[in-house]
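Morning, everyone. Let me put the structure on the screen, and then I'll walk you through it.

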Amino acid sequence: MQDAVMFDPRPAEDTTSEPSADGAERRAAKARREFNKLQKRLRRQVGNAIIDYDMIREGDKVMVCLSGGKDSYTMLEILRSLQRNAPVDFSLVAVNLDQKQPGFPEHVLPAYLDGIGVDYHILERDTYSVVKEKTPEGKTTCALCSRLRRGSLYGYAEEIGATKIALGHHREDILETLFLNLFFGGSLKSMPPKLLSDDGKNIVIRPLAYCREADIAEFSRRMDFPIIPCNLCGSQPNLQRQVVKEMLAEWEARHPGRLESMFKAVTNVAPSQLADRELFDFAGLEDRQAKMQADRIELHNEP
């Protein structure tokens, strides 16, 4: 996939009449170069993830789940950019799940999507009331909210004939989930870049899997996306995910490159060096040893 022409989404200020015009122009030129590098890096990382995990094929209809946060806006924009030069033909449709949270600005996403000319649907489901009713006081709403949201989106993907469901999880999301399962779930698993749903009806892809959250945040800021905060999840104190996020951020600050190394580990698993009996045949090691020994003797006796 080739890089498209890059641009600075913010118009340069007209400073020709100011004494410091040359300095302002240099700063603007530097800002444009930095933005171009950032956009190219995100395009490259998303393109590599798509290729590495065979995320998008010829004729796919990709349902881009748009929450109104920085991650999903960035995912949509980068996929649109790649779509223009992709070696395969695929379509994009943005879908927002309006969960009927009080104060949710219903006009923001339709206005934005109309403005950029993207096909979209607004799916209205009052999961907010269900979550508030079913979640005990003081407990986090994330688990139930996630299940309801996922069920609604999976079902809607079938309705509109989407062949892939794109979610905006990035590198840090994947690592946070790994440690959440390790610390609190007793399992060594995370968010795969590509996933077949349990019922076999949907394939989920995560095109931002290789992307750093800091890069996404900066890209979102430079693009000036109309961010819609989540008042259900984000407002809860002492979330386990937030604790893990802070832990990882501290590790990266003290040991730069540690997150990159940990993410590489997620893609470089050695089942024989763990202890999952379903994943590796420990009981068959003696038979394997005997076969290897027999093969060595046979090779040694060959004329």
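How many residues does H1 have, and how far does H1 reach from its first C-alpha to its last? H1 has 32 residues and reaches 46 Å, close to the 46 Å expected at 1.5 Å a residue. The expected span is 1.5 Å times one less than the number of residues in the helix.

Ground rules next. This is a predicted model: local features need pLDDT of at least 70, side-chain atom pairs count only at pLDDT 80 or more, and totals for chains, interfaces and linings use all residues. Residues are numbered from 1 along each chain as its sequence is written, and side-chain values use heavy atoms, with hydrogens and water left out.

Confidence. pLDDT is the predictor's confidence in each residue, from 0 to 100. The chain averages 87, and 83% of the residues score at least 70. Over residues 1-17, pLDDT stays under 50.

The overall picture. The chain has 10 helices and six strands. Those are DSSP runs, numbered from the N terminus: helices are H or I with at least four residues, strands are E with at least two. Of the 303 residues, 40% are buried. Buried means under 20% relative accessible area and exposed over 50%, with partly exposed in between, using a 1.4 Å probe and protein chains only. Contact means heavy atoms within 4.5 Å. Among contacts between residues at least 6 apart in sequence, 78% join residues at least 24 apart.

Now the end of H1. Just after H1, Asp54 takes a positive phi of about 50°. Met55 lies in the loop between H1 and S1. Is Met55 buried or exposed? Met55 counts as buried, because its relative accessibility is 0%. Its C-alpha is 6.7 Å from that of Lys194, 139 residues away along the chain. Leaving out residues up to four places away in sequence, Met55 touches Asp60, Lys164, Pro193 and Ile205, among others.

Lys164 deserves a stop. Lys164 sits in strand S4, residues 164-166. At 5% relative accessibility, Lys164 counts as buried too.

On to the cores. A nonpolar core is a set of buried Ala, Val, Leu, Ile, Met, Phe, Trp, Tyr and Cys residues joined through side-chain atoms within 4.5 Å. Which members of the largest core touch the most other members? Of its 35 residues, they are Val46, Ile56, Val62, Leu79 and Phe219. H1, S1, H2, S2, H3 and H7 each supply at least two residues of this core. Apart from it lies another core, of 15 residues, including Cys65 and Tyr154.

Last stop, H8. Helix H8 covers residues 240-254 and reaches 21 Å, close to the 21 Å expected. Val244, Met247 and Leu248 are buried in H8. Down the axis, the buried residues fall within an arc of 95°, so they line one face of the helix. That arc is taken over directions from the helix axis to the C-beta atoms. An α-helix has 3.6 residues a turn, so residues three or four places apart point the same way. What do the buried residues of H8 pack against? They pack against helix H6 (171-185) and helix H9 (258-266). The face turned away from the buried side carries exposed Val243 and Ala253.
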